[in-house]
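Hi everyone, thanks for coming. I'd like to take a few minutes to walk you through one model, so please have a look at the screen.

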Amino acid sequence: EKWRMLDQSARGPIIFFLVSSVVWLVLGSIFGLLVSIKFNDPSFLGFQDLLTFGKLRPVHLNIVAYGWLSFAGIGLSLWLVPRLTKVPLQSKNILYTAGTLWNIGVVLGCLGIFFGYTDGIEWLEFWWPVDILLALAGGLVAVPLFRTIILSREKHLYVTMWYTICAFIWFPVLFIIGNSHFLHSGVEEAISNWWFAHNVLGLWV
């Protein structure tokens, strides 16, 4: 009964994030298929600017990273945290706002890539106003999770819990530094770019 109560406390946000994840998975898979076909047949879909390989591929990558995998990971975290802390999920209404902003951010980011509003750096293509929106959404996601963790009276935290905590601390650091293009140029920019790309895959998604 206790586990059921903990699960019910997070049920709505979990469904919201996992349904969003599935939608992005379908869209990301469609774009991935188009990219793979176009890679082998450049004339596929013609030569319209919006349908070139150089636009379809970053859209696919960003949908997979920020749409499918991020929403799936957050949804799983929303299920794990109440169970591992034995505390009902706190401030869960904030999560609907955060998820909506995140969805809007991914949509706007992908539209920006299609229409040329992009930072032009691999894995960091989203235009800077979209980056701010995603950072805000990410901060809002962390609030209910950390409020829940702080209320826990558990003396032992599973390794899974530590990874979850670290992910929500580490990702903002990665995201802010990676998107601070004005701080880097030349070789430094390349190092910062791929420091972000590898760590966002290994430590976030």
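Predicted model: local features only at pLDDT ≥ 70, side-chain atom pairs only at ≥ 80, totals over all residues.

Numbering runs from 1 along each chain as its sequence is written, and side-chain values use heavy atoms, with hydrogens and water left out.

So, what do we have here? The protein has 6 helices and 0 strands; helices are DSSP runs of H or I with at least four residues, strands are runs of E with at least two, and both are numbered from the N terminus. The radius of gyration is 18 Å, close to the 17 Å from the globule rule for 205 residues, so the protein is as compact as a globular protein of that length. That radius is taken over C-alpha atoms, and the rule is 2.2 Å times the number of residues to the power 0.38. Buried residues account for 42% of the 205, where buried means under 20% relative accessible area, exposed over 50% and partly exposed in between, with a 1.4 Å probe and protein chains only.

Now follow helix α1, residues 2-40: its 39 residues reach 54 Å from first to last C-alpha, close to the expected 57 Å, which is 1.5 Å times one less than the number of residues. Where does α1 kink? Look at Arg11, shortly before Pro13, for a kink of about 55°, the angle between axes fitted to the seven residues ending there and the seven starting there.

On to the largest pocket, with about 210 Å³ of space. A pocket here is an open set of points on a 1 Å grid over the protein atoms alone where a 1.4 Å probe fits, with protein on both sides within 12 Å along at least five of seven lines; lining residues have an atom within 4 Å of a point. Among the 14 lining residues, Gly73, Ser77, Thr164, Ala167 and Trp204 are the closest to its centre. Helix α2 gives the most to the lining, with 7 residues.

Finally, two loop residues. Lys86, between α2 and α3, has a positive phi near 60° and is partly exposed at 32%. Trp123, between α3 and α4, also has a positive phi, about 70°, but Trp123 is buried at 12%.

Note on methods:
Points joined across faces, edges and corners; volume = space filled by probe spheres on them.
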